[in-house]
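User: I have a model on my screen and would like to understand the words used to describe it. Could you take me through them?

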Amino acid sequence: MSIASHLHQLFNANTCQAYIHTLRWKDRPLQCPRCQSHNVGPWGTYHYQPGLQRYRCKEQACKRTFNDLTGTLLDGSKRSLAHWLLATFLLCLACSSRRIARELGVHIRTGYRWCWWLRNAALSYEMERQLEGTVEADDLYHTAGHKGQAKKGGKKSLGRTPRGRRKKREPGRGHYDKDRPAIIAWISRQGGVVIQVTRDFTVKTVQKAADLAVQAGSQLYTDSASSYRALKGCLHECVNHTRKEYARGDVHENRAECLFSLLKPSLRVFRGISKTTLPGYVSFFQFLRNFHQLTAFEQAQMILYAALDPAVAGKARKGDFVRCLDHFKLLQSLIN
Ligand SMILES: [Zn+2]
């Protein structure tokens, strides 16, 4: 067993605990997670978890004890904090859950669950994002099927003929029902990215997507697709790719095209994505892009900071953030 493949063993348990302690109560008052009272005091430690401080709520009605991890995403985990820190860091380096599980020596289902929770925690930063200024938009169709969606594992009857690994896709626009949902990217020249997974690319869907992603009155540059040309509420100009026109002065969408050239290889890592989980992966990529000036360590710290907030952790475990950012379902409900 090489040292490099078990990096987490080099972490010191006390150092990790002190780091988590600082992050947990940074900019947050020390309070009881159950009754929110600030009337709390230290109450010993745990012999099996060195460095973990225990507190007791002094409120008469409560009198419960808690520690730095109570109510957070890391609460109740049998694995050490070093495992969690390293998993979050590897997630920000765009590793797959299987890769992370192997590097950490945990089960692949543990790796998958952690990745899903941590991605959800990261999405808490992306909930309110809306772009302004000069915005470029472009669309893409990504093959996404039913991976991992069988009820009890194993094979699921598809209700269609298998796609075949290298089968050529049908030409033209994709559709959710044809296992090729649309991805629309909005990228502001002043900074900021919003990427949405939608069911189709009709005028209605794109209008709703634009209303969510872009502030009214922004300058929008796109290609000449008819769904963009029908957009209301934005100053709109487009370049005509069919006439080999890719830039006309300031009017171009090269940033959006470039964003897709980064998105595609980052999705390739997972070797096939189910269309039900695609919004989660795409939104996490959006988080990484919006904080791309930070290092992976700093991004991991942001995710851990969110994961240590009981309010965020509760929603992250249930997948509420992905559900809110699932533009496929969101737009569907808005249109109907
Ligand atoms: Zn209390």
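Analyst: Happy to; here is how some of the terms apply to this protein. The model is predicted, so local features need pLDDT of at least 70, side-chain atom pairs count only at pLDDT 80 or more, and totals for chains, interfaces and linings use all residues. Residues are numbered from 1 along each chain as its sequence is written, and side-chain values use heavy atoms, with hydrogens and water left out.

User: Why does Thr 88 count as buried?

Analyst: Buried means under 20% relative accessible area, exposed over 50%, and partly exposed in between, with a 1.4 Å probe and protein chains only. Thr 88 has 0% relative accessibility, so Thr 88 counts as buried. Across the protein, 48% of the 336 residues are buried.

User: Which residues is Thr 88 in contact with, leaving aside neighbours within four places in sequence?

Analyst: Thr 88, which sits in helix α2 (residues 81-92), is in contact with Leu 118, Ala 300, Ile 303 and Leu 304. Contact means heavy atoms within 4.5 Å.

User: What makes α4 roughly perpendicular to α9?

Analyst: The axes of helix α4 (residues 108-123) and helix α9 (residues 296-307) cross at roughly 90 degrees and come within 8 Å. Angles of 65 to 115 degrees count as roughly perpendicular, under 35 as roughly parallel, over 145 as roughly antiparallel and the rest as oblique, so α4 is roughly perpendicular to α9. Leu 118, Ala 121 and Ala 122 of α4 make the contact with Ile 303, Ala 306 and Ala 307 of α9.

Notes:
Axes are lines fitted to C-alpha atoms, for helices over the stretch in contact, and angles run from 0 to 180 degrees between N-to-C directions. Helices (H or I, at least four residues) and strands (E, at least two) are DSSP runs, numbered from the N terminus.
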